[in-house]
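I opened this structure to look up a few local features, one at a time. My notes follow in the order in which I worked.

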Protein chains: 2
Amino acid sequence: MSVPELVDQARAGRSRAVGRLISLVEDSSPLLREVMAALAPHGGHAQVVGITGSPGVGKSTTTNALVGALRAAGRRVGVLAVDPSSPFSGGALLGDRIRMQDHASDPGVFIRSMASRGHLGGLAWSTPQALRVLDAAGYDVVLVETVGVGQSEVDVAALADTTMVLLAPGMGDGIQAAKAGILEIGDLYVVNKADRDGADRVRRELRGMLALGQRRPDAWQPPILPTVAQTGQGIEDVVAALGEHRTHLEATGELQRRRERRAREEVEAIAVTALRQRWGRLQGRADLDELAADVVAGRTDPYAAADALVAAVTRAGESAPA
Amino acid sequence: MSVPELVDQARAGRSRAVGRLISLVEDSSPLLREVMAALAPHGGHAQVVGITGSPGVGKSTTTNALVGALRAAGRRVGVLAVDPSSPFSGGALLGDRIRMQDHASDPGVFIRSMASRGHLGGLAWSTPQALRVLDAAGYDVVLVETVGVGQSEVDVAALADTTMVLLAPGMGDGIQAAKAGILEIGDLYVVNKADRDGADRVRRELRGMLALGQRRPDAWQPPILPTVAQTGQGIEDVVAALGEHRTHLEATGELQRRRERRAREEVEAIAVTALRQRWGRLQGRADLDELAADVVAGRTDPYAAADALVAAVTRAGESAPA
């Protein structure tokens, strides 16, 4: 099937075509550029929701409950679940995914697990492209569930319209969350397992810490919502808060600003990768490996070496455009 | 004082000149390039030791004890302490630094706090340059102490010759450490507060998890060392292990490989920054902001936009070399 046909079918709601397109971007297929060009006119509709939190707070259960509630409200839902690829933790979390099978036969739900970029749990490099596939395919909400360690909170906040931070009592999360700075990325805070001891304390601490942050008076005030994802308690309020945040983003122009910032970073990252490939192919004195060896030997310094690299890569552009 | 004079004085052991040079690189002074060029011939001697671990495991106390033990062995020691700049945690950890005043009057010790790069605790961008200052100034060992959250473990492992991961009982560290992947970056593991309940369990768990990782038979086996940094217990063993790791790195050629990898990354990062500044100055259709707006509006896709950016930046290099 051709790329335009795949895109048409994906836009007509065929899950299989959506899956094929995501595989093409994940595998860096030679068709990647054609896919991205074909998707470009059809994006901008989906609300991308990043879901992050420490292991054990109930991210998969909450994602599952959210899918159910969003479906009940007639919304089409995509889920990208970023799995850890570390040999130390690889298998454990996959079990959680089985719960998602609740929605496996629903054509209004598309679920995909993606490998994480590295052993510290960053998002897969192809996550932004996969989001473009789901957006063009007409899913109203795309939930991106991360493993919530290392780099992924930062990554997911950078690419989401709305970032949801999950906490739970008994995880020592209050203080740890503050130290990790995730208090600065949340648009919504969900205190899951709210029926357990200590949930009130987590909410209180969180409220106190959020009050310390400086916000403009007209800025979004991140709500703190108690849930028991296992039973669905509180999930309707989360769905409502997601809608309110989307409305706020649109009304204030923040949605456009976030999306432009994200597009800038995406374009820059692709351009830098292209330039890196180019200087990997340079020959002679301005070869990166040789320059690095010169720096280690003290024959040059990093700045002079970088100058040589930039000069070489731009000269290379002259004689042999990529 | 001129840059060559400052470098001479720093190499003669004057702390004030060392401090001035670090300030020049930290502030991106116009003299930065001259400083880096003047330092280049004098590096390659220091062992850079990254110290990371969760808040509360005793990083500052351990650093302090290590400084004392290394001084007792006649080594000159530099310390770069990366402080969190988050408004949520900014003040709390600074108190720990006061303990470092033990060494404030010792000319064989240089201690510097550096701001972290962002609210998630990454290393300051100028950390590699500050390390070059301390290396050229003849410090035998440079300890880089990070806040141990977010991105900094990864960063510090990337720039250290030897990465030391601290754990302590009662922090839920065993499992969490595995999830965060720090088991894959440590050259040395220190279980601090080894006189407390649960220290044996942490060591056992750690040993079990390290055994799961696949290592070549001739590879370095990271030791697991118990300490009570507060009393100095076990610190001599850590100093010995640092020396053994340095010997291993040199004998296997791994030191050279790590330093070349680091230099490659440093040169690349500086080159990418230079290219970014260049495309920030581009005018017309290939301006990054306009390209990003086109991507958001669906008029182009990120790959086509990146092509335009790369073409523009290399053409700009032709007509107006930076």
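Contact, as I use the word here, means heavy atoms within 4.5 Å. I also note at the outset that this is a predicted model.

Entry on R246(A). I looked up R246(A) and found its place in helix 10 of chain A, which covers residues 235-252. Leaving aside neighbours within four places in sequence, I list G44(A), H45(A), A46(A), Q47(A), L255(A) and R259(A) as being in contact with R246(A).

Entry on helix 12 of chain A. I then went to residues 288-297, where L288(A), L291(A), A292(A), A293(A), D294(A) and V295(A) are buried. At the start of this helix, a side-chain oxygen of D287(A) reaches to within 3.1 Å of the backbone nitrogen of D289(A), and just after the helix G298(A) takes a positive phi of about 80°.

Entry on chain B. I looked up how helix 1 (residues 3-11) and helix 2 (residues 15-26) of chain B lie, and their axes come within 8 Å and cross at roughly 130°; the two helices are therefore oblique to each other. Helix 1 of chain B passes helix 2 of chain B in a left-handed crossing. From helix 1 of chain B, L6(B), V7(B), Q9(B) and A10(B) meet A17(B), V18(B), R20(B), L21(B) and L24(B) in helix 2 of chain B. By class, I record seven nonpolar residues, one polar and one charged in this contact.

Note on methods: Residues numbered from 1 in each chain as written. Chains lettered and ligands numbered in written order. Predicted model: local features only at pLDDT ≥ 70, side-chain atom pairs only at ≥ 80, totals over all residues. Heavy atoms only, no water. Buried < 20%, exposed > 50% of the residue type's maximum accessible area, 1.4 Å probe, protein only. Helix = DSSP H or I, 4+ residues; strand = E, 2+ residues; numbered from the N terminus. Polar contact = N/O pair within 3.5 Å; in protein donor to acceptor, adjacent residues only side chain to side chain. Axes fitted to C-alpha atoms, helices over the stretch in contact; angles between N-to-C directions. Parallel < 35°, antiparallel > 145°, perpendicular 65-115°, else oblique. Left-handed = near helix turned anticlockwise from the far one by under 90°. Nonpolar A, V, L, I, M, F, W, Y, C, P; charged D, E, K, R; others polar.
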